[in-house]
Amino acid sequence: MSANSSSVKFVILATLGLPPTHIYPAFILGTLAYLIIVFCNSLVVLTVAVSKRLHRPMFLLLINLPISDILGASGFFPQLVFSILTQNRIISTSACITQAFLIHLYGAGNLLILSVMAYDRYIAICNPLKYNTIMTSTFVVRIIFLIWILDFLVMAILFALTLRCKICRTNIEDLYCNNPSFQKLSCGDNYVSNFYGIFITCMFNGGSLLIIAYTYAQILRTCVMNNNADSRKKAFQTCGTHLVVFLVLQINSVFTIISHRFQNVSPFLRRACGVSILIFPPFLDPIIYGLKTKELKESIITFLKRQVGPTK
């Protein structure tokens with residue numbers, strides 16, 4: 001189907017391929033998954049916000065992760081469960097752009113947040129005497145503002161460049177809207193937007209990988225040299241959790257982005273990896289950090305007890 005950019009008001013997402021008997025179970029499962037993600041991540045945000053003992057750099061940085069996860073889940077799940085229920089994969093162009101923007105904002109935001117959290121752990125473990133001097137409240141707040149401003153500006157430029165291209169197709173190859181799929185709708189010269197997309201992919205994924213690799217190598221060296229078994233165990237536990245979260249996001253996101261540039265990659269595998277980025281990190285992040293971080297776990301339990309009230 002061909003059209004000019006001004007007349008393309010709707011696009012069509014890849015079919016879900018659900019048989020009639022699976023529609024309502026899939027709708028219920030998708031709705032429950034979204035509600036659980038929003039509840040668990042909101043619980044972490046509220047707990048850190050109201051617990052004075054958690055008003056420290058590590059947790060002030062951590063609170064941005066569930067906020068980013070909620071953004072990503074909200075960009076994906078509402079449209080998904082609606083299309084499951086209606087069996088209609090048509091989405092307006094404006095809604096598609098909004099969904100893609102939120103999802104990319106979430107992906108890049110998580111990489112930035114995890115990188116800064118790795119730096120925080122590096123200072124705490126490798127330079128504990130300088131930690132309070134370096135990781136001041138003012139410095140942490142500035143870093144948080146910088147993360148979100150950089151994330152928003154980079155993604156705004158990306159989609160501004162993409163929308164400059166002429167749209168002449170309506171079939172999106174993925175289960176949700178994203179920039180690589182949206183660029184494939186273009187029939188004009190999209191060299192600039194394509195190059196910029198590759199550049200920011202290298203910048204975010206490559207930069208975060210270098211930061212994580214360096215900080216964790218230094219942390220590992222410090223832990224090996226540390227004779228205190230308890231300190232070593234605590235450091236490995238905290239960093240191990242962080243590393244699992246990062247690798248799940250990094251591997252899946254890199255594969256999904258690169259697979260768009262190779263025709264012989266299975267569309268099913270690409271879609272599965274793409275969807276996993278939007279399901280597993282938002283679902284697992286609050287559970288992993290809530291269970292593995294002792295102070296956060298205790299504060300969550302205390303917060304929930306206060307909401308329920310004293311038992312009779």
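Residues are numbered from 1 along each chain as its sequence is written, and side-chain values use heavy atoms, with hydrogens and water left out. Because the model is predicted, local features need pLDDT of at least 70 and side-chain atom pairs count only at pLDDT 80 or more, whereas totals for chains, interfaces and linings use all residues.

Helices (H or I, at least four residues) and strands (E, at least two) are DSSP runs, numbered from the N terminus.

Beyond its neighbours within four places in sequence, Met155 is in contact (heavy atoms within 4.5 Å) with Phe101, His104, Leu105, Ala108, Ile200 and Phe204. Met155 is also one of the buried residues of α6, among them Val140, Ile143, Asp151 and Phe159. Buried means under 20% relative accessible area, exposed over 50% and partly exposed in between, with a 1.4 Å probe and protein chains only. The cover over these buried residues includes α2 (57–62), α3 (64–86), α4, α7 (179–183) and α8 (191–225). Helix α6 itself (residues 137–163) has 27 residues and reaches 39 Å from its first C-alpha to its last, close to the 39 Å expected at 1.5 Å a residue; the expected span is 1.5 Å times one less than the number of residues.

**Packing of α10 and α11**

Helix α10 (residues 267–292) and helix α11 (residues 294–308) pack at about 100 degrees, their axes 5 Å apart. Therefore α10 is roughly perpendicular to α11, a term for angles of 65 to 115 degrees. Axes are lines fitted to C-alpha atoms over the stretch in contact, and angles run from 0 to 180 degrees between N-to-C directions. Tyr289, Gly290, Leu291 and Lys292 of α10 meet Lys294, Leu296, Lys297 and Ile300 of α11.

| Residue | Relative accessibility |
|---|---|
| Ile287 | 33% |
| Gln87 | 41% |

Ile287 is found in helix α10. Its C-alpha atom is separated by 8.8 Å from that of Asn41, 246 residues apart along the chain. Gln87 lies in the loop between α3 and β2 (90–92). Although not a glycine, Gln87 has a positive phi of about 55 degrees. Most residues other than glycine have a negative phi.

Note on methods: Angles under 35 degrees count as roughly parallel, over 145 as roughly antiparallel, 65 to 115 as roughly perpendicular and the rest as oblique.
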